[in-house]
Amino acid sequence: MRLVIDPTRCHGHGTCAQLLDEYIRLDKWHYPIVGKQKVSAGHADLLMRASQLCPELAISIVDD
Amino acid sequence: MIESVSASIMAPTGPRRLSLGWESAHRPSPSGRVVFVSDLSPRPRLVMPLAEHVAGYGRLPSGLTMRMALDTLRASNLTGRGGAGFPFWKKLQAVATAESRKSPVVIANGSESEPLSKKDTLLLKNNPHLVLDGISMIAGLLGAKSAYLYVKDREAHTAVNAAMRERRERGISELRVTVVEAPAGYVSGQETAVVRRIAKGPALPQFSLDRISTSGVRGAPTLLSNVETFAQVAIVLRFGADWYRQGGQGSDRGTRLLTLVGAVGRPGVYELLPGATLAELLREADAGDPRAVLVGGYFGRWVDLGTPNSTNFPMDDQTLAERKLSFGAGILGVVGHDTCPVVEAAAITEYLAGQSAGQCGPCMHGLPEISTAMARIALSSDVERGMHDLRAVIPLVEHRGGCQHPDGVIQLVRSTVGAFAEEVKLHRSGRCTARGSHTSVLLPPGATVAAGAVVR
């Protein structure tokens, strides 16, 4: 699983980076930088929550 | 389509230039490979009537299958003329093979959002039938239910409407093309912005996990290409790939439109015939002794003529690619010895930073920082810090936008500090090679920027 953030929607709230700090860090403007590694199955719930809690609904989950 | 006469791609005799209507008024250069077509305010003086158009270019081929069209377009090496330079046959194939229950949509992009470009407006004003031929053929091959022409210029709009009326009056049965007005703004011509506008949304880029070839306008497979590309398609599918690429006699084969601007005696739209070199083009444009050329427009790359860099190379896709250049949006910007190319680039960078749609954080916050860094380098205020900031900020912006805008700016910035490393070194000691009035020559008319203000 991977997460993809729509940069046109993201307003840099940072919720995703709090939940998924292993995969996402914030740049100096507080916008998320998503790492290249896939999200492990054990973190699927966290990923789902991050997607649901994003205030801008900018996160998509891609299965590949 | 225009009356059917043949099931094969035929090659009638007749003029085959895009700027046909102007041929009698403008003679080619002594080498015969560069044609000055129009100055930078092309007027619709010689709109070609349909009868003359058909007499000149010949009728559209009928009985053309998708397979034949793909093979011909592939063999012709025709690439998109809007900026990305993607092989047109691949684009067509992607839409033709997209798995979708919706019928495909065809869009010709004539928004010409690069403010220095005039070639698309010229083409639409003077040869709208050739563009409409291309749209008609592609829409027919795809079985599209809707086709659009996205246009900004008012007079181009009028010319296109007149041409479509003529086609209807002549009883040509083809898919009706809907003309959609493109709003102002640099990003309004970006692929996804066009798709959004056609679906009656705002002309702003949008993010999608899908390519528009599978899911574009309202989810339909969408083929979007520049208007010149459609005109080229109408020529290639008439005369065949061999003729387009290499056949015919001498200069009698495929051409390309370019807008040439900047420090030249004769800025304007030029039609390049095969083999035309940069040197010939510069001579024809009365460029004198230029310092540098920005090839491809604002997202382009520089050729520094201050080094022993020959301009005697043919202007074709392959040769440009070997030199890490590309036609981009078909614009060449010439800088003389009066201005500094680094200052020019800083002014353009600032203009482009102001053209961000403001949707994506890295673009919205990063481009102004990149622009400030470029100004420090250009104006010798703090070159060290400017270079340091570029190295720090570029990785935070690159590949993080929802469209090509930030990456295009980064390409320009990289090319500038790369091609003019010596100039940047001079700036470190507070010097600059510019020796003239410092009037910026590559900013769009009417644009004011702080870095530009210094040079104005």
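**Exercise 1.** At roughly what angle do the axes of helix α2 (residues 66–76) of chain B and helix α8 (residues 227–239) of chain B cross?

*Solution.* This is a predicted model, in which local features need pLDDT of at least 70, side-chain atom pairs count only at pLDDT 80 or more, and totals for chains, interfaces and linings use all residues. Residues are numbered from 1 along each chain as its sequence is written, chains are lettered from A in the order in which they are written, and side-chain values use heavy atoms, with hydrogens and water left out.

Step 1. Helices (H or I, at least four residues) and strands (E, at least two) are DSSP runs, numbered from the N terminus. Axes are lines fitted to C-alpha atoms, for helices over the stretch in contact, with angles from 0 to 180 degrees between N-to-C directions.

Step 2. The two axes come within 10 Å and cross at roughly 105°. Therefore α2(B) is roughly perpendicular to α8(B) (65 to 115 degrees).

Step 3. Contact (heavy atoms within 4.5 Å) joins Ala69(B), Thr72(B), Leu73(B) and Ser76(B) of α2(B) to Val233(B), Val236(B) and Leu237(B) of α8(B).

**Exercise 2.** Describe how α13 and α14 of chain B are arranged.

*Solution.* Step 1. The axes of α13(B) (residues 361–378) and α14(B) (residues 383–397) come within 8 Å and cross at roughly 160°. The helices are therefore roughly antiparallel (over 145 degrees).

Step 2. Among the contact residues are Leu367(B) and Ile370(B) of α13(B), and Leu390(B) and Val393(B) of α14(B).

**Exercise 3.** Characterise the interface of chains A and B.

*Solution.* Step 1. Here 14 residues of chain A are in contact with 18 residues of chain B.

Step 2. About 1200 Å² is buried between the chains, and carbon and sulfur atoms give 68% of it. Buried area is the accessible area (1.4 Å probe) that two parts lose on being put together, summed over both. Pro7(A), Thr8(A) and Trp29(A) supply 49% of the area that chain A buries against chain B, more than any other three residues.

Step 3. Two salt bridges are counted between the chains (a side-chain nitrogen of Lys or Arg within 4 Å of a carboxyl oxygen of Asp or Glu). Arg400(B) forms a salt bridge with Asp27(A), with the closest N and O atoms 2.8 Å apart.

**Exercise 4.** Which residue forms a salt bridge with Glu284(B)?

*Solution.* Step 1. The partner is Arg266(B), the closest N and O atoms being 2.9 Å apart.

Step 2. This pair links distant parts of the chain, 18 residues apart: Glu284(B) lies in helix α10, and Arg266(B) in the loop between β6 and β7 of chain B.

Key:
Angles under 35 degrees count as roughly parallel, over 145 as roughly antiparallel, 65 to 115 as roughly perpendicular and the rest as oblique.
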